[in-house]
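Hi,

Here is the structure I promised to send over.

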Amino acid sequence: DEQPVTVPAHLIPAARFAIVNHRQNTGRPITVEELADRLDITPAIAGRLLHTIDPPAATARVNGARVLEGAQR
């Protein structure tokens, strides 16, 4: 059984900064491993922070193809 991962609230501002800064500097989203290394935290906590702050984009299926919901045409 996996134990739920508790995210310390004091990490949220630093994680948000790291996520935005990484995207601005590299043009791509940060990975769990990169966030864990940058904040010196476990990958489990980094994954939870990443999912909380920058959740995956919602997708829908249109004629069998996956598209982002709300995407511009």
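**Notes on the model**

Let me start with Pro8, which is partly exposed at a relative accessible area of 26%. On that scale, buried is under 20% relative accessible area, exposed is over 50%, and partly exposed is in between, with a 1.4 Å probe and protein chains only. Pro8 sits in the segment before α1. Its C-alpha is 8.7 Å from that of Ile45, although 37 residues separate Pro8 and Ile45 in sequence.

Before you go further: this is a predicted model, so local features need pLDDT of at least 70 and side-chain atom pairs count only at pLDDT 80 or more, while totals for chains, interfaces and linings use all residues. Residues are numbered from 1 along each chain as its sequence is written, and side-chain values use heavy atoms, with hydrogens and water left out.

Thr6 is also in the segment before α1. With a relative accessible area of 65%, Thr6 is exposed. Thr6 and Leu49 are 43 residues apart in sequence, and their C-alpha atoms are 9.6 Å apart in space.

**The chain overall**

The chain has 3 helices and 2 strands, and from the N terminus the order is α-α-α-β-β. Helices here are DSSP runs of H or I with at least four residues, strands are runs of E with at least two, and both are numbered from the N terminus. Of the 73 residues, 22% count as buried. The chain exposes about 5700 Å², and carbon and sulfur atoms supply 53% of that; the areas come from the Shrake-Rupley method with a 1.4 Å probe, and for residues only the protein chains shown count as cover. Taking contacts with a separation of 6 or more, 34% are between residues 24 or more positions apart. Contact means heavy atoms within 4.5 Å.

**How α1 and α3 meet**

At what angle do the axes of α1 and α3 cross? Helix α1 (residues 12–26) and helix α3 (residues 43–53) have axes that come within 10 Å and cross at roughly 75°. That makes α1 roughly perpendicular to α3, a label used for angles of 65 to 115 degrees (under 35 is roughly parallel, over 145 roughly antiparallel, and the rest oblique). The axes are lines fitted to C-alpha atoms, for helices over the stretch in contact, and the angles run from 0 to 180 degrees between N-to-C directions.

On the α1 side, Ile12, Ala15, Arg16 and Ile19 meet Leu49, Leu50 and Ile53 of α3. Sorted by class, this contact has 6 nonpolar, no polar and 1 charged residues. For the classes, Ala, Val, Leu, Ile, Met, Phe, Trp, Tyr, Cys and Pro are nonpolar, Asp, Glu, Lys and Arg are charged, and the others, Gly among them, are polar.

**The core**

The largest nonpolar core has 14 residues, and Ile19, Leu35, Leu39, Ile41 and Leu49 have the most contacts inside it. A core here is a set of buried Ala, Val, Leu, Ile, Met, Phe, Trp, Tyr and Cys residues joined through side-chain atoms within 4.5 Å. Two or more residues each come from α1, α2 (32–39) and α3, and α3 gives the most, with 5 residues.

Ile41 is in contact with Leu11, Leu35, Ala36, Ala46 and Leu49, leaving aside neighbours within four places in sequence.

Not counting residues up to four places away in sequence, Ile30 touches Ala18, Ile19, His22, Leu35 and Leu50. Ile30 and Ile19 are 11 residues apart in sequence and 6.0 Å apart in space, C-alpha to C-alpha.

**Two more residues to look at**

Asp40 is in the loop between α2 and α3. Asp40 is not a glycine, yet has a positive phi of about 55°. At 72% relative accessibility, Asp40 counts as exposed.

His51 belongs to helix α3 and is partly exposed, with a relative accessible area of 43%. His51 and Val32 are 19 residues apart in sequence, with 9.4 Å between their C-alpha atoms.

Cheers
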